[in-house]
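Open the model in your viewer and keep the selection tool ready. Each stop below says what to pick and what is there.

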Amino acid sequence: MKYRVNDGCIGCGLCAETCPEVFHMTEEGVAEALVEENLTAEEVAKGAKENYPAGAIEEE
């Protein structure tokens, strides 16, 4: 499954800290999902999505 971070990102870094295999912080200070699908990190990424305070992570 792929993920994407929408414009609601508040730049808290929780997703990148929780699942760096799928998310990282950009130079602009917001999160971004990596382009590749990473099946080994899927459960961790799902947890990051569910716990993200701004609800800015979406499944594609």
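Predicted model: local features only at pLDDT ≥ 70, side-chain atom pairs only at ≥ 80, totals over all residues.

Residues are numbered from 1 along each chain as its sequence is written, and side-chain values use heavy atoms, with hydrogens and water left out.

**Whole chain.** Show the cartoon. Helices (H or I, at least four residues) and strands (E, at least two) are DSSP runs, numbered from the N terminus. Switch to the surface. Its accessible area is about 3800 Å², and 46% of that belongs to carbon and sulfur atoms; the method is Shrake-Rupley with a 1.4 Å probe. Of the 60 residues, 32% are buried (under 20% relative accessible area, 1.4 Å probe, protein chains only; exposed is over 50%, partly exposed in between).

**Core.** Select Tyr3, Val5, Cys15, Phe23 and Ile57. These have the most contacts inside the largest nonpolar core, a set of 15 residues. Strand 1 (3-5), helix 1 (14-18), strand 3 and helix 2 (42-51) each give at least two residues to this core. A nonpolar core here is a set of buried Ala, Val, Leu, Ile, Met, Phe, Trp, Tyr and Cys residues joined through side-chain atoms within 4.5 Å.

**Tyr3.** Which residues does Tyr3 contact beyond its neighbours within four places in sequence? Among them are Val22, Phe23, Ala33, Ala45 and Ile57. Contact means heavy atoms within 4.5 Å.

**Cys15.** Next, pick Cys15 in helix 1. Cys15 counts as buried because its relative accessible area is 1%. Beyond four places in sequence, Cys15 touches Pro20, Phe23, Ala31, Ala48, Tyr52 and Ile57. Now draw a C-alpha to C-alpha distance to Glu50: 9.8 Å, across 35 residues of sequence.

**Asn6.** Move to the loop between strand 1 and helix 1, where Asn6 lies. Is Asn6 buried or exposed? Asn6 is buried, at 18% relative accessibility. Its side chain reaches the backbone nitrogen of Gly8 at 2.7 Å. Leaving aside neighbours within four places, Asn6 contacts Gly55, Ala56 and Glu58.

**Thr26.** Finish in the loop between strand 2 (23-25) and strand 3 (31-33), the place of Thr26. Thr26 is buried at 16% relative accessible area. A 3.1 Å polar contact links the side chains of Thr26 and Glu28. Such a contact is a pair of N or O atoms within 3.5 Å; within protein, one must be able to donate a hydrogen and the other to accept it, and residues adjacent in sequence count only if both atoms are side-chain atoms.
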